[in-house]
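Hi,

Here is the structure I promised to pass on. Please have a look at it first, and then read on for what turned up in it.

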Amino acid sequence: MSTFLFDEFSEVSAKQWKQKIQFDLKGADYNETLVWESNEGVKVTPLYHQDNFEALDIPKVTEQFAICQAIFISDEQTANFLAKDALKRGATAIQFEANEPFNITEVLKDISKNNEEALHFKLNFLSESFLFDLIENTKGQKIYLNIDIIGNLARSGNWFSNLEQDHATLENVLAKASKNVNAVSIDASLYQNAGANAIQQIAYVLAHGNEYLNHFEGHTHKPEGLEKIQCCFSVGSNYFFEIAKLRAFRHLWKLLCDTYEMNCELALFVTPSLRNKTLYDYNVNMLRTTTECMSAILGGATTISNASYDTIFHKKNEFGERISRNQLLILQDESYFNEAAQFADGSYYIEALTKQLAEKALDLFKDIEKSGGFVKQLFQGTIQRKIEESAAKEQAQFDDGSLVLLGTNKHPNLDDKMKDSIELYPFVKTEPRKTLIKPIISRRLAEKLEQDRLEKE
């Protein structure tokens with residue numbers, strides 16, 4: 001008997017499998033009965049076979065993902081304490097968020113500069129002098145400045161200052177940045193949280209990034225820092241689609257960089273989506289973020305910052321942050337996901353999804369470029385309108401129950417009361433102001449339903 005078990009069986013082709021399925025259907029139509037179509041227009045079949053297998057060229061991920069703890073700086077000493085505590089408890093990267101300049105020395109006091117832990121900065125302002133100070137005070141440390149002037153335009157409706165000054169600041173920072181500094185980022189999480197489907201997210205972040213690459217194309221000497229770009233994605237609970245989304249983007253980003261003859265070093269910073277998180281039955285959010293983090297790992301994320309189960313309605317708290325961090329530690333150390341970035345390679349289903357998403361996203365990207373590029377379509381309102389259409393379709397599915405959020409629009413606990421537990425306003429805030437373009441607004445699916453329940457408590 002052969003030592004290889006499957007040598008004992010004759011091969012069955014994809015055609016033979018399909019014939020058997022059609023026979024068992026007893027006359028029912030194969031496509032109508034077993035093939036379904038996603039919101040992106042991707043057709044999912046019941047059978048994936050080696051006969052139809054075609055793998056894309058996707059760059060390999062050579063390092064295990066970093067576990068990032070997000071910290072908002074309201075007080076420098078507190079932020080410093082929280083960062084050091086998170087690093088002691090298993091975090092391998094820190095993301096500092098700030099709305100205004102802060103005391104860099106105080107925030108980074110006694111934080112290692114041995115390149116083992118990366119520091120990410122999410123600055124909701126653009127100050128050339130502050131960024132220069134930040135670079136100077138973090139020599140020897142691997143840092144991500146996450147400058148995204150186009151992302152700020154899409155999110156807020158305005159440039160930080162104006163088009164020329166924002167680009168000038170970006171150019172000056174890139175010229176100042178050393179090898180340990182990753183200056184530019186592309187915020188794709190905004191599009192996901194606003195309701196864009198997977199194909200739109202991939203195409204928009206490609207077009208978004210292409211604006212930066214194209215801006216520097218005419219320069220005699222391209223800044224070295226431009227070859228290190230971080231893309232920030234959010235992933236939802238459509239498990240296999242989210243894995244394929246990240247893989248498809250990595251494939252297309254390589255093609256785009258090859259076109260510019262640039263050897264771009266891509267970093268993927270991934271967070272769970274907030275769009276499907278809920279106020280009621282909030283413990284289910286832990287289940288959602290677990291599978292979303294798994295998708296991020298298998299999709300090739302280099303850094304993952306998990307969202308706390310109560311992040312939409314509670315202020316930052318030690319318990320919630322510890323649970324979210326421990327979810328990643330369990331995945332990494334106890335669930336054998338520490339080197340799982342390549343596990344999806346060779347899966348017929350995931351490879352087929354990746355190929356379809358990549359092809360459709362590339363077509364959309366080309367249409368955007370033919371129409372004048374991403375920024376032009378933002379000013380025309382085209383991007384905003386397309387995202388709103390996708391979001392409305394998804395919202396309608398949630399409202400009619402075909403898209404299920406367990407504990408919210410399916411099997412809700414009507415005795416669950418939340419009015420006295422809310423510390424943060426969990427709904428979209430309206431702030432009338434003058435903007436250059438219509439901003440892209442993040443919105444959770446359950447907001448209207450939750451507002452109705454709160455009013456009846």
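How many residues apart are Asp452 and Lys448 in helix H16 (residues 447-456), and what does that separation amount to in helical turns? They are four residues apart, which means that about one helical turn separates Asp452 from Lys448. Asp452 and Lys448 form a salt bridge, with 3.5 Å between the closest N and O atoms. Asp452 counts as partly exposed, at 32% relative accessibility, while Lys448 counts as exposed, at 57%.

Before going further, please keep in mind that this is a predicted model.

Salt bridges

The structure has 22 salt bridges in total. As a general point, side chains of opposite charge can pair when their charged atoms come close.

Lys355 takes part in two of the pairs I would like to show you. With Glu54 it forms a salt bridge whose closest N and O atoms are 3.8 Å apart. That pair ties together distant parts of the chain, 301 residues apart: Lys355 sits in helix H13 (residues 348-370), and Glu54 in the loop between strand S2 (43-44) and strand S3 (66-72). Lys355 also forms a salt bridge with Glu359, and there the closest N and O atoms are 2.5 Å apart. Glu359 and Lys355 are four residues apart in helix H13, so about one helical turn lies between them.

Glu54 is partly exposed at 46% relative accessibility, and Glu359 is partly exposed at 40%.

There is also a network of salt bridges, which links Lys60, Arg247, Asp345 and Glu351.

Helix H7 (residues 163-176) is made up of 14 residues, and its first and last C-alpha atoms are 20 Å apart, close to the 20 Å expected at 1.5 Å a residue. Its buried residues are Asp166, His167, Thr169, Leu170, Val173 and Leu174. Why do they belong to the same side of H7? Because the arc they cover around the axis is only 155°. The face turned away from that buried side carries the exposed residues Glu164 and Ala175.

What covers the buried residues of H7? The cover includes helix H5 (128-136), strand S6 (143-147), helix H6 (149-156), strand S7 (181-187) and helix H9 (198-215). At the start of H7, a side-chain oxygen of Asn162 comes to within 3.2 Å of the backbone nitrogen of Glu164.

H9 itself is largely enclosed by the rest of the structure, because 16 of its 18 residues are buried. Its end C-alpha atoms are 26 Å apart, which agrees with the 26 Å that 18 residues should span at 1.5 Å a residue. The N-terminal end of H9 is capped by Asn197, which has a side-chain oxygen 3.1 Å from the backbone nitrogen of Ile199.

Gln230 and its surroundings

Gln230 lies in strand S8 (residues 228-235) and counts as buried, at 1% relative accessibility. Its side chain is joined to that of His120 by a polar contact of 3.4 Å. Leaving aside neighbours within four places in sequence, the residues in contact with Gln230 are His120, Tyr144, Asn146, Asn182, Val184, Ser185, Ile186, Ala267 and Phe269.

Cysteines

How many disulfides does a search of the whole structure find? The search finds zero. Cys232 is in no disulfide, and the nearest cysteine sulfur, that of Cys231, is 7.4 Å away. Cys232 counts as buried, at 14% relative accessibility. Cys257 is in no disulfide either: the nearest cysteine sulfur belongs to Cys264 and is 3.1 Å away, whereas a disulfide calls for sulfur atoms within 2.5 Å. Cys257 counts as buried too, at 3% relative accessibility.

Happy browsing, and do write back with any questions.

Best wishes

How values were computed. Residues are numbered from 1 along each chain as its sequence is written. This is a predicted model: local features need pLDDT of at least 70, side-chain atom pairs count only at pLDDT 80 or more; totals for chains, interfaces and linings use all residues. Side-chain values use heavy atoms; hydrogens and water are left out. Helices (H or I, at least four residues) and strands (E, at least two) are DSSP runs, numbered from the N terminus. The expected span of a helix is 1.5 Å times one less than its number of residues. Buried means under 20% relative accessible area, exposed over 50%, partly exposed in between (1.4 Å probe, protein chains only). The arc is that of the directions from the helix axis to the C-beta atoms. Contact means heavy atoms within 4.5 Å. A polar contact is a pair of N or O atoms within 3.5 Å; within protein, one must be able to donate a hydrogen and the other to accept it, and residues adjacent in sequence count only if both atoms are side-chain atoms. A salt bridge is a side-chain nitrogen of Lys or Arg within 4 Å of a carboxyl oxygen of Asp or Glu.
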